[in-house]
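Biologist: Could you take a close look at the aromatic rings for me, and tell me how they pair up and where they sit?

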Amino acid sequence: MADPLKLRSCVVHLDRRRVERQNTSTPLTTQEAGLLAFLSERPGQTVARDTLFTDVLGYAANTRSRALDAAVRRLRHKIEVDPAHPDHLLTVHGEGYCWVPMEVERTGAGQAPRYRTDFVGRADLVARLGELLDHEALITVHGPGGVGKTRLVAEALAAHDLDAAWVTVPPGADVPTLASCVARALEIDDGADTVAAVGTALEARRGLHLVLDAAEAAVEATAELAHTWVDGWSDLRVVITSRELLRITAERPIAVEPLPAAQAIELLLGRAARARGGRPWSGASRQALEPLVDRLDRLPLAVELAASRAVMLSATALLERLDDRFTLLRRPQRDGTPRHATLHAMLDWSWQLLTEDERRVLLCVAILQGPFTMDVVEVLTDVADPLDTVSSLCAKSLIHSREDGTLILLDSVRDFARTQAATPPWQGVMPRARRQLATNAPRLVLAPIDQLAAAHLALEEALPQAADAVLAACDASRDQAAILTLAEAARRHLHGRDLQRVAITATSLLVRGADPEVLRAWLDVLTAEEDAGPDHHRAVGQLLLAQGHVADAEARLRHAAEADDGSAAEALVLCGECRLRSADPLGAETVLQHARERAPQGSLVWSRATALLAIAVRDGRGKQQRALELFTAASEAQHTLGRPRDAAVTQANMANLHYLQGRIRDALTAYAEAAEILSAAGDLRALLMCRSNLAVVHDCLGDADASAQAHHQVVTLAERLGDHASAALAKVNLAQHLSHSGQHPRALQLVAEACAQADTEGAAGVAVYAWMVRARLTGPVDLQAATHAAEQAWQILGTPDPDTPLSTELRVVHAELLATTDAERAAEQLRLAEQHIGSLGGRQPLDIGLQVAFARLALAQDDPDEAARRLEQARATVSALQLSPRSRLSVGLHQVQALLDQRRP
């Protein structure tokens with residue numbers, strides 16, 4: 001006799017051609033039985049229509065008939081719970097039909113469910129639960145619906161070879177009813193005192209575990225009975241599975257969380273292969289699987305329901321259809337219980353167990369996409385006691401509490417709540433919550449995505465708080481495209497001072513790291529309607545400066561600086577930045593001093609002016625102690641103001657000072673710390689300069705691998721940001737690294753590109769540096785071209801101040817080139833450089849190049865003893881700075897030493 005087919009709602013006896021459903025018996029026709037037998041022997045396989053026509057129905061090939069469709073329709077009405085949404089006999093459009101068997105089989109009363117599928121993951125939780133089963137009186141395995149609590153307990157019992165009496169808690173059961181269910185499972189008489197009889201029976205059967213499954217259906221009765229049995233009888237072992245904790249003293253909770261991503265993917269692939277009869281799943285790339293399981297909340301039930309669709313859909317197609325998850329996820333993959341038949345049914349089971357206040361709070365927080373706090377809940381909802389209500393929802397695994405104290409919903413729960421919000425009597429709950437969110441958004445701590453949504457709604461509703469909501473959203477978001485979209489919406493809805501506030505804030509954020517196209521788009525928005533106001537000029541100037549148009553930017557910013565209000569100081573700060581970009585630190589110093597005088601001391605504008613002034617003092621007059629004092633004052637103000645990003649920029653610039661003072665390793669640490677903060681803050685432009693300098697320091701320390709990686713990252717980031725001046729600077733530094741690594745032709749090519757790029761952009765400081773390095777790299781192969789490059793650098797620099805570090809380094813490079821052709825001029829250049837370096841005090845990285853240049857000049861004048869003395873001084877500085885012999889700063893030293901060795905016998 002053939003084994004019967006056990007389906008979700010019936011049992012089919014193919015040998016007798018009968019369908020048994022509760023108290024009814026329905027016959028199958030010979031055609032229907034043959035069709036069912038043929039398909040059920042090929043689980044998960046798509047069987048072509050032509051095959052069924054010829055091999056089952058007996059028709060000739062290519063027959064045109066609706067007989068197969070009619071037979072399938074009749075068969076579904078006899079075996080499926082919902083023929084319109086079949087669970088077992090599936091249509092594969094354009095191909096044929098596929099049979100999906102049941103995945104779990106319920107056994108007799110009191111016995112654990114038996115599963116036909118392998119158990120994936122959770123080995124550590126099975127082991128932990130197994131240890132607790134041996135000595136804990138009451139264990140509650142709790143977690144959200146569909147997370148796999150029942151399966152976990154069954155696996156732990158089986159893995160540790162433990163006996164269990166298994167009872168599914170009836171919905172709404174009272175204490176007597178539930179006690180009777182347990183009595184029947186234990187096969188004892190249901191007498192006058194069933195509770196006591198069960199307790200005595202459990203105590204007598206040492207080693208037997210009573211499992212009360214799905215206890216959320218009657219949590220109060222379960223809690224009362226569990227407390228009574230555990231408290232009144234010794235050596236009892238009771239295990240509860242529930243979406244809600246019992247909240248009694250003896251309870252030992254075991255939380256079951258969604259699967260880790262890797263295990264969720266393993267489960268998805270395994271179940272998909274089973275559904276497809278072992279065939280590989282096309283389109284199941286890692287790129288599609290990771291977001292797919294995340295969208296499924298990594299819940300085993302949702303993953304298995306999705307896997308059943310692998311017969312017809314690829315992973316990418318599944319992901320695309322998850323916006324309608326409740327229609328998609330309808331295949332039964334665990335057992336025959338209605339609450340697990342579909343994802344919607346599983347969540348509806350939880351919904352039906354909620355109080356009115358719990359439902360209202362759940363609907364309110366479902367408007368949010370990201371994590372939230374109790375402050376947000378209290379604003380969104382009007383229930384009497386939101387704290388207790390949220391605590392109850394957390395206990396029922398519908399709201400999750402994270403380690404940082406914030407709360408969050410699973411995507412599935414959020415989507416389900418939104419479907420309920422459209423049904424009576426809940427239609428007004430979400431619109432009220434959204435308006436509350438938009439009204440209060442400026443003072444709430446929200447996830448960036450929720451800040452953006454609130455700001456858009458505030459603009460659309462023309463709320464008085466709209467501008468503040470937009471500013472809060474811009475400040476919270478790191479999505480430059482989203483900031484641009486919001487700023488464009490603000491231009492349509494706001495006017496006057498509110499609009500200018502938004503324009504300034506959006507500009508300040510976008511210039512930190514927006515794509516060049518985003519910056520150009522925002523510049524187009526601001527210039528579409530010309531506004532002569534100072535805020536408008538400042539925003540346009542800042543955008544032009546970010547795109548490297550220094551002269552045009554400064555012209556705009558000078559207009560903004562003419563205002564009599566507080567914004568003039570901010571414009572002056574940006575003017576000072578323009579002067580620094582133009583290699584005019586002395587001009588920048590004057591402008592920034594004026595900005596500090598206009599800004600309130602200790603304010604954000606004052607701190608930025610102070611930090612930039614420190615750079616101007618450091619690079620202009622070389623007053624390192626004064627620069628250090630200014631950097632320190634700026635950093636203290638920024639920390640006091642709670643501006644870690646600004647403090648990190650100041651720290652990176654202070655690291656430049658460490659470098660000039662010869663504190664190379666201090667500079668390395670400061671750059672690395674600043675880069676980490678700037679990366680987290682999403683300030684790509686400041687990060688670009690920080691990493692650029694970090695790469696140079698790695699060069700100085702002789703760390704070739706770290707240096708190469710950093711230089712390439714900087715070039716890529718600069719080009720991605722469309723910052724051509726920074727890209728030119730990055731190429732210059734990379735060229736020096738490549739030359740040091742023996743790739744001289746490629747280095748010369750890169751530095752030539754950088755010179756052209758810097759000249760085109762009008763970036764004077766970068767251009768001087770690029771031409772100077774070009775002279776240094778070209779010198780060994782073409783002295784005439786190198787001398788021309790050095791003169792080009794002088795021409796761009798203009799009349800240099802002798803205290804400028806850039807001009808000092810250029811003097812050293814130029815003197816080396818002149819050593820063999822114009823010794824007198826070379827000596828004069830080196831004396832001026834020596835005076836500047838000497839005024840700085842201590843040993844400086846610049847001093848190495850200076851001593852090497854003096855040694856080269858001495859060799860040209862046939863004075864090997866002086867050359868040796870100078871080289872020894874250079875070596876002493878290398879040692880004092882703790883530099884590697886492989887440092888780029890030591891390259892010239894090695895070259896001149898080799899020349900000296902050739903001169904001596």
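Modeller: Tryptophan 426 is buried, at 6% relative accessible area, where buried means under 20%, exposed over 50% and partly exposed in between, with a 1.4 Å probe and protein chains only. Keep in mind that this is a predicted model, so local features need pLDDT of at least 70 and side-chain atom pairs pLDDT 80 or more, while totals for chains, interfaces and linings use all residues. Numbering runs from 1 along each chain as its sequence is written, and side-chain values use heavy atoms, leaving out hydrogens and water.

Now for the pairs. Rings of Phe, Tyr and Trp (its six-membered ring) pair if their centres lie within 6.5 Å; planes under 30 degrees apart are stacked, over 60 edge-to-face, the rest tilted. That rule gives 2 aromatic pairs. Tryptophan 351 and phenylalanine 416 pair edge-to-face, 6.0 Å centre to centre with 70 degrees between the planes. Tryptophan 351 belongs to helix α14 (residues 343-352) and phenylalanine 416 to helix α18 (residues 411-420), 65 residues apart; helices here are DSSP runs of H or I, at least four residues, numbered from the N terminus. Both of these residues, tryptophan 351 and phenylalanine 416, are buried.

Tryptophan 351 also pairs edge-to-face with tryptophan 426, at 6.1 Å centre to centre and 80 degrees between the planes. Since tryptophan 426 is in the loop between α18 and α19 (429-440) and tryptophan 351 in helix α14, this pair ties together parts 75 residues apart in sequence. Tryptophan 351 itself has a relative accessible area of 4%. Put together, Trp351, Phe416 and Trp426 make one aromatic cluster.

Key:
Helices (H or I, at least four residues) and strands (E, at least two) are DSSP runs, numbered from the N terminus.
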